[in-house]
Amino acid sequence: MNLDRLRTLHAVARHGSVSGAAEGLHVTTSAVSQQLAKLERETGQQLLAKNGRGIRLTDAGRLLSDHAARILSQVELAQADLEAQRGHAVGELLLGAFPTAVRGLFPDALSRLRTEHPQLNVRLQEMEPDESVPSVVRGDIDLAVVLDWYNKPLPMPGGLVKAALLDDPVDVAMPADHPLAGRHAVEPEDFVDDEWISWPKGGFCYDWLMVTLRGKGIEPRIRHTAHEHHTQLSLIAAGLGIAVVPRLGRGPVPEGVRMVPVSQPTMRRHIYAIWRADADRRPSIRAAVEVLRSVGEKIID
């Protein structure tokens, strides 16, 4: 049985569809279908069956997919051991990270990795943690940079290793003519009467803001929402509200906006890297974590 075809079957089992497997493997749907057809001929078994407009794995397909998961895990361990024996970072490393980490950490980190490890081919994708964590578990990417908040941890599946990179403090961004703009530090409770600009509803950071403010007896009035901090700051510059804005990847602050630190030292984001335990010995993983942590320390300093 061909290893690539086993990997394709395993991807279909993980994603639940041919199109999902194709996207995860970065190939066309026809390529997935061809691999599966060849695998059925190799095994002499029907591995897939129609299920309405989609497909499902047959009993034989599920059995072989379970074996494929163990085989692929062993292959990854073998690759990690071989890379570790060579003692330096080589090959391909697929990374994922949320937007402000991409902007704030990765320009310097990728440049350093290219200089210090020229035999390492690094590819980066921007993705939120709710996408990057499953991608690491599935093996679609090797390492992800994710975040959680001091009072709202990110759920983490088993079989993963994580390493802290930095703690990211937050400030309250407000119009320059706000009554508290001249303060050296503020508390969230100081803004009980203000209108807020937030991340979009339903997102991890939006939920954190709601939990945090309500925990302090504030029922926030969310007037506007925007994904990007730069967009939030532009709205604040126009006098349209206030926002909690982390420092990582913030960039220049627009004219007419004041950043005032939050006095509570625990009110911050935790930024860390995660990867599969099977790949823990890979020097490329260790090299990426070391560089990311070094870049993060300089940002906080």
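Helix H4 (59–86) gives the most to the lining of the largest pocket, with eight residues, where helices are DSSP runs of H or I with at least four residues and strands are runs of E with at least two, numbered from the N terminus. The model is a predicted one, in which local features need pLDDT of at least 70 and side-chain atom pairs count only at pLDDT 80 or more, while totals for chains, interfaces and linings use all residues. Residues are numbered from 1 along each chain as its sequence is written, and side-chain values use heavy atoms, with hydrogens and water left out.

The largest pocket has a volume of about 1,000 Å³; a pocket is an open set of points on a 1 Å grid over the protein atoms alone, where a 1.4 Å probe fits, with protein on both sides within 12 Å along at least five of seven lines, and lining residues have an atom within 4 Å of a point. Of the 37 residues that line this pocket, Arg7, Glu76, Gly139, Asp142 and Arg276 are the closest to its centre. At least two lining residues each come from H1, H2, H3 (29–43), H4, strand S3 (91–97) and H7 (129–138). By class the lining comprises 13 nonpolar, 11 polar and 13 charged residues, with Asp, Glu, Lys and Arg counted as charged, Ala, Val, Leu, Ile, Met, Phe, Trp, Tyr, Cys and Pro as nonpolar, and the others, Gly among them, as polar.

Two of these contributors also pack together: H1 (residues 3–15) and H2 (residues 18–25) lie at an angle of about 120°, with their axes 8 Å apart, the angle running from 0 to 180 degrees between N-to-C directions of lines fitted to C-alpha atoms over the stretch in contact. Arg7, Thr8, Ala11, Val12 and His15 of H1 make the contact with Gly20, Ala21, Gly24 and Leu25 of H2, contact meaning heavy atoms within 4.5 Å.

The second largest pocket has a volume of about 450 Å³, and of its 20 lining residues Glu128, Trp199, Phe204, Cys205 and His227 are the closest to its centre. Helix H8 (204–215) gives the most to this lining, with three residues, and the lining as a whole has 10 nonpolar, five polar and five charged residues.

Methods. Points joined across faces, edges and corners; volume = space filled by probe spheres on them.
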